[in-house]
Amino acid sequence: MERADLAELTAFAAVADHLSFRAAASQLGVTPSALSHSMRQLEERLGVRLLNRTTRSVSVSDAGLRLLERLRPAINEIAGALEDLNQERQRPMGRLRIYSIHLAAAAVIAPIWGRFLSTYPEVHLELAVGGAPIDIVAKGFDAGIGPRDRVPADMIAVLVMGPMKVAVVGAPTYFARQRPPRTPDDLVRHTCVQYRREADGDVFAWPFERNRKSQRIAVDGRVMVNDADLAVRAAVDRLGIAYTIEALAGPLLRSGQLVRVLEDWSPLIEGLFLYYPGRRQVPATLRALIDMIRTAGRSAPAKRSLKNPFTKD
């Protein structure tokens with residue numbers, strides 16, 4: 001079917017509804033003469049008279065009534081589909097698929113997803129967590145979240161978590177047995193939760209900074225992980241001191257399950273970005289998620305910060 005055929009059939013249904021070229025033309029936003037010409041072309045192409053018309057009145061022919069009976073469900077279905085699209089454009093609804101690094105899922109999405117879904121009950125959120133960069137468009141995701149260097153050059157990037165403060169933490173019972181470190185060098189006398197970015201990657205030395213003085217400390221311990229949440233869990237379980245970020249350790253610090261040390265040596269690490277394709281026609285559901293993250297106050301102006309040690313290269 002040609003595009004013109006669909007337009008002419010829709011116009012025919014409008015004339016049949018109103019039994020008036022003038023009224024139908026007003027609904028369609030065309031002139032009565034243009035509509036009349038379009039109906040003549042349709043009839044000539046089909047070889048069937050669809051409308052009986054005089055200078056005073058219009059009626060639908062028997063053939064036209066049979067065609068209209070078949071057309072009406074299809075036209076209503078198309079109109080309904082277009083209305084659904086219009087509703088989706090105006091209010092958050094449908095499925096929103098996000099691909100995120102683990103840290104961003106825990107620190108950016110998890111704190112607001114309950115409020116987001118209760119605010120927008122017609123939304124279904126799918127959050128896929130992975131460490132490897134992927135083509136989010138090819139995989140069918142609406143957006144991704146990760147460090148700035150993960151954002152493809154042709155995508156829009158929105159800062160959703162500003163530079164993040166490092167938190168060096170341990171359980172109160174651990175520090176009951178060991179004097180808390182006062183400087184990074186003191187960590188050599190402590191059991192620490194070591195962190196490896198990948199299963200076979202290098203163990204990273206903990207970076208510290210104070211008064212523009214930077215240093216990295218190679219720590220030792222009996223537990224090694226490649227997951228930021230597991231590092232925090234190991235600290236809670238009194239297995240050593242962990243190097244993490246405030247966003248992950250905050251609830252446990254507030255509950256007293258963890259104690260913070262070396263705060264004046266704790267640097268900022270780079271923030272996290274939500275990225276998506278195209279600047280125009282941003283889906284209402286994605287826009288609502290971005291707005292809620294920003295309202296939660298988790299983004300901040302860029303500051304001098306270190307490369308995120310919790311993301312895979």
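Colleague: Where in the protein is the place of Ser 266?

Modeller: Bear in mind that this is a predicted model, in which local features need pLDDT of at least 70 and side-chain atom pairs count only at pLDDT 80 or more, while totals for chains, interfaces and linings use all residues. Residues are numbered from 1 along each chain as its sequence is written, and side-chain values use heavy atoms, with hydrogens and water left out. Helices (H or I, at least four residues) and strands (E, at least two) are DSSP runs, numbered from the N terminus. Ser 266 belongs to the loop between strand E13 (259–261) and strand E14 (268–269).

Colleague: Which backbone oxygen does the side chain of Ser 266 reach?

Modeller: Away from its neighbours within four places in sequence, Ser 266 is in contact (heavy atoms within 4.5 Å) with Lys 165, Val 166, Val 168, Glu 209 and Val 261. Its side chain, though, comes to 2.8 Å from the backbone oxygen of Leu 262.

Colleague: What is the order of the open sheet of five strands?

Modeller: Two strands pair if DSSP finds at least two bridges between them. Strand E4 (123–129) and strand E6 (155–161) are at the edges with a single partner strand each, so one side of each has no neighbour in the sheet. The twist averages 25° from one strand to the next. The pairing is mixed, and the order reads E4-E3-E5-E15-E6.

Colleague: Which residue in E15 stands opposite Ile 156?

Modeller: E6 and strand E15 (residues 272–277) run antiparallel and pair over six bridges. In that pairing, the residue facing Ile 156 is Tyr 276.

Colleague: At about what angle does helix H10 run to E15?

Modeller: Axes are lines fitted to C-alpha atoms, for helices over the stretch in contact, and angles go from 0 to 180 degrees between N-to-C directions. Helix H10 (residues 284–295) lies across strand E3 (94–100), E4, strand E5 (143–146), E6 and E15, and its angle to E15 is about 165°.

Colleague: How far apart are the axes of H2 and H3?

Modeller: Helix H2 (residues 21–28) packs on helix H3 (residues 32–46) at about 100°. That makes the two roughly perpendicular, a label for 65 to 115 degrees, with under 35 roughly parallel, over 145 roughly antiparallel and the rest oblique. From H2, Phe 21, Arg 22, Ala 24, Ala 25 and Leu 28 meet Pro 32, Leu 35, Ser 36 and Met 39 of H3. The distance between the axes is 8 Å.

Colleague: Which residue caps the N-terminal end of H8?

Modeller: Helix H8 (residues 228–236) has buried residues including Ala 231 and Val 232, and among the elements covering them are strand E7 (164–170) and helix H9 (246–255). Just after H8, Arg 238 takes a positive phi of about 65°. At the N-terminal end, a side-chain oxygen lies 2.9 Å from the backbone nitrogen of Asp 229, and the capping residue is Asp 227.

Colleague: Which residue takes a positive phi in the hairpin of E9 and E10?

Modeller: Strand E9 (residues 206–210) has four of its five residues buried. Five bridges join E9 to strand E10 (residues 213–217) in an antiparallel arrangement, with Phe 208 opposite Gln 215. Two residues lie between the strands, and the positive phi, near 50°, belongs to Asn 211.

Methods
Buried < 20%, exposed > 50% of the residue type's maximum accessible area, 1.4 Å probe, protein only. Polar contact = N/O pair within 3.5 Å; in protein donor to acceptor, adjacent residues only side chain to side chain.
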